[in-house]
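Here is a walk through one protein model and its ligand. Keep the sequence and the 3D view side by side as you read.

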Amino acid sequence: MRLILLGPPGAGKGTQAQRLVARHGIVQLSTGDMLRAAVAAETPVGLKAKAVMEAGGLVSDDVVIGIIAERLEHADAQKGFILDGFPRTVAQAEALDHMLADKGLKLDAVIELVVDQALLTDRIMRRAEETKARGEPVRKDDDPEVFRHRLEAYNRDTAIVAPYYAARGQLQQIDGMQPIDEVTKAISEVLETV
Ligand code: AMP
């Protein structure tokens, strides 16, 4: 199964992707996770991406497309994958279309978690508090000011990705403000139809 999860930062894409991994035995390809790993390892990509990520901006299309192209070649992605946090621009969506077409592959579903942006900041603040309570480090970009920039980047560059797939009849929308289990259920229902 090949699937894209769309939605603004804080919409719950990562949480839902992890559940789908457990249920369907496919890999979660999160460009955010890959970039954070590159930053931690101080690779050339990481060194380039660090400041942009900390400010809540978008890493350049070339860098992110390169990372995904390389990752899709790995053996564990052959069974299927969930893209979480990619594509974030129309250029990335087009590049993905080309990559998949070259391999003769198709997407099974593009699912957008639709959320109330006014409530997102609350959700992010809660996530930061819960992470802190578990004694784990809080992501720098979950800081309220940086989160605001991430939301701005979403509205400027990424919000048009959902209509891109809608125009191809591929988009399915789910209410992302429901409790986590309900969202999981709604996603499963969509996946049963593909
Ligand atoms: P995420 O964990 O998906 O919220 O991503 C964290 C940060 O990584 C984002 O705020 C961006 O700076 C960067 N990033 C992740 N995925 C992409 C992407 N597809 N395009 C550009 N930047 C990205």
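One of its oxygen atoms sits 2.5 Å from a polar backbone atom of G57. Keep in mind that this is a predicted model. The ligand on its own would expose 480 Å², and the protein buries 96% of that area.

Q92 places a polar side-chain atom 2.9 Å from a ligand nitrogen. R150 places a polar side-chain atom 2.9 Å from a ligand oxygen. So what is the backbone's part, and what is the side chains' part? G57 contributes a polar backbone atom, while Q92 and R150 contribute polar side-chain atoms.

Now widen the view to the whole shell. The ligand is surrounded by 16 residues. T31, G57, G85, Q92 and R150 are the closest. Sorted by class, the shell holds 6 nonpolar, 5 polar and 5 charged residues. Which helix gives the most to this shell? Helix 2, spanning residues 31–40, does, with 4 residues.

Stay with R150 for a moment. Its side chain also makes a polar contact with the side chain of D142, at 2.9 Å. R150 therefore has a polar side-chain atom 2.9 Å from a ligand oxygen and a side-chain contact to D142, with D142 counted as buried at 5% relative accessibility. D142 lies in the loop between helix 6 (117–133) and helix 7 (144–158). Is D142 buried or exposed? D142 counts as buried because its relative accessibility is 5%, and the cut-off for buried is under 20%.

Helix 2 leads on to another site. The second largest pocket has a volume of about 210 Å³. Its lining is made up of R36, V39, K50, M53, E54, R139, K140 and D141. Helix 3 gives the most, with 3 residues. What classes of residue line this pocket? The lining has 6 charged residues, 2 nonpolar ones and no polar ones.

E42 has a positive phi of about 55 degrees, although it is not a glycine. Why is that worth a look? Most residues other than glycine have a negative phi. E42 is also exposed, because its relative accessible area is 60% and exposed means over 50%.

A further backbone feature lies elsewhere. The peptide bond from F86 to P87 is cis, with omega near -5 degrees. Most peptide bonds are trans. P87 sits in the loop between strand 3 (81–84) and helix 5 (90–103).

Q16 is part of helix 1, residues 13–24. Q16 counts as buried because its relative accessibility is 3%. Its side chain makes a polar contact with the side chain of T184, at 2.7 Å. G10 is in the loop between strand 1 (2–6) and helix 1. At 11% relative accessibility, G10 counts as buried too. How far apart are the C-alpha atoms of G10 and D122? They are separated by 9.5 Å, though the two residues are 112 residues apart along the chain.

How values were computed. Residues are numbered from 1 along each chain as its sequence is written. This is a predicted model: local features need pLDDT of at least 70, side-chain atom pairs count only at pLDDT 80 or more; totals for chains, interfaces and linings use all residues. Side-chain values use heavy atoms; hydrogens and water are left out. A residue is near a molecule or strand if one of its heavy atoms lies within 4 Å of it. A polar contact is a pair of N or O atoms within 3.5 Å; within protein, one must be able to donate a hydrogen and the other to accept it, and residues adjacent in sequence count only if both atoms are side-chain atoms. Accessible areas come from the Shrake-Rupley method with a 1.4 Å probe; for residues, only the protein chains shown count as cover. Helices (H or I, at least four residues) and strands (E, at least two) are DSSP runs, numbered from the N terminus. Ala, Val, Leu, Ile, Met, Phe, Trp, Tyr, Cys and Pro count as nonpolar, Asp, Glu, Lys and Arg as charged, and the others, Gly among them, as polar. On a 1 Å grid over the protein atoms alone, a cavity is a set of points where a 1.4 Å probe fits but cannot get out, and a pocket is an open set with protein on both sides within 12 Å along at least five of seven lines; lining residues have an atom within 4 Å of a point. Grid points are joined across faces, edges and corners, and a volume is the space filled by probe spheres set on the points. Buried means under 20% relative accessible area, exposed over 50%, partly exposed in between (1.4 Å probe, protein chains only).
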